[in-house]
Amino acid sequence: MIRVLGLIFLGIAVLGVFLPLLPTTPFVLLAAGCFAQSSERMHRWILDNETFGPMVRDWEEKRCISLRVKAIAVASMVLVGGFSINIVVANPSLRIAGVLLLAAGALVVLAIPTCKNKRD
């Protein structure tokens, strides 16, 4: 069951790469935590992944994410989300809801402690 939950979180994280209202980082970390408890193979895969591995290792070793990861996450939410809200959404109430969701996602990412890495 935990492995399935890890796959669901990983799927949501992948969607978050393309959908600005979904923050990718917390879902990758949740997936890694699930895999650490349920599947050594999937946990190793996520640690060895070029994109997600460094972030997951930072989290597991130091309980933080790098400033670079935070900057990319927030910038992509602002750029893609802002574009979507301004160009695609016409209803003012939906625009406000979109801005609030983007802000919530950014706050989630910014609330995670920042670590100093050689990669930054």
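## Terms and model

A residue is called exposed when its relative accessible area is over 50%, buried when that area is under 20%, and partly exposed in between. With that in hand, let's walk through this structure, which is a predicted model.

## Helix α6

We can start with α6, which runs over residues 92-111. This helix has 20 residues, and the distance from its first C-alpha to its last is 28 Å, close to the 28 Å expected at 1.5 Å a residue. Which residues of α6 are buried? They are Gly98, Leu102, Gly105, Ala106 and Val109. These residues sit on the same side of α6, because they cover an arc of only 95° around the axis.

The buried residues of α6 pack against β1 (65-66) and α5 (67-88). Turned away from the buried side is a face that carries the exposed residues Pro92, Ser93, Ile96, Leu100, Leu107 and Ala111.

Now to α1, which covers residues 2-18. With 17 residues, α1 reaches 25 Å from its first C-alpha to its last, close to the 24 Å expected at 1.5 Å a residue. Its buried residues are Gly6, Phe9, Leu10, Ala13 and Gly16.

One aromatic pair is counted in the model. Its partners are Phe9 and Phe27, and the arrangement is tilted, with 6.2 Å centre to centre and 35° between the planes. The pair links distant parts of the chain, since Phe9 belongs to α1 and Phe27 to α2 (residues 24-38), 18 residues apart.

Another residue of α1 is Leu5. Leu5 counts as partly exposed because its relative accessibility is 35%. Between the C-alpha atoms of Leu5 and Leu102 there is a separation of 24 Å, and the two residues are 97 apart along the chain.

## Two loops

The loop between α3 (40-48) and α4 contains Asn49. A polar atom of the Asn49 side chain lies 2.8 Å from the backbone nitrogen of Thr51. The Asn49 side chain also reaches the backbone nitrogen of Phe52, at 2.9 Å.

Further along, Arg63 is found in the loop between α4 (53-62) and β1. The phi angle of Arg63 is near 55°, a positive value in a residue other than glycine. Arg63 counts as partly exposed, because its relative accessibility is 47%.

## Cysteines

How many disulfides does a search of the whole structure find? The search finds zero. Cys64 counts as buried because its relative accessibility is 4%. Cys115 is buried as well, with a relative accessible area of 5%.

Conventions
Residues are numbered from 1 along each chain as its sequence is written. This is a predicted model: local features need pLDDT of at least 70, side-chain atom pairs count only at pLDDT 80 or more; totals for chains, interfaces and linings use all residues. Side-chain values use heavy atoms; hydrogens and water are left out. Helices (H or I, at least four residues) and strands (E, at least two) are DSSP runs, numbered from the N terminus. The expected span of a helix is 1.5 Å times one less than its number of residues. Buried means under 20% relative accessible area, exposed over 50%, partly exposed in between (1.4 Å probe, protein chains only). The arc is that of the directions from the helix axis to the C-beta atoms. Contact means heavy atoms within 4.5 Å. Rings of Phe, Tyr and Trp (its six-membered ring) pair if their centres lie within 6.5 Å; planes under 30 degrees apart count as stacked, over 60 as edge-to-face and the rest as tilted. A disulfide is a pair of cysteine sulfur atoms within 2.5 Å. A polar contact is a pair of N or O atoms within 3.5 Å; within protein, one must be able to donate a hydrogen and the other to accept it, and residues adjacent in sequence count only if both atoms are side-chain atoms.
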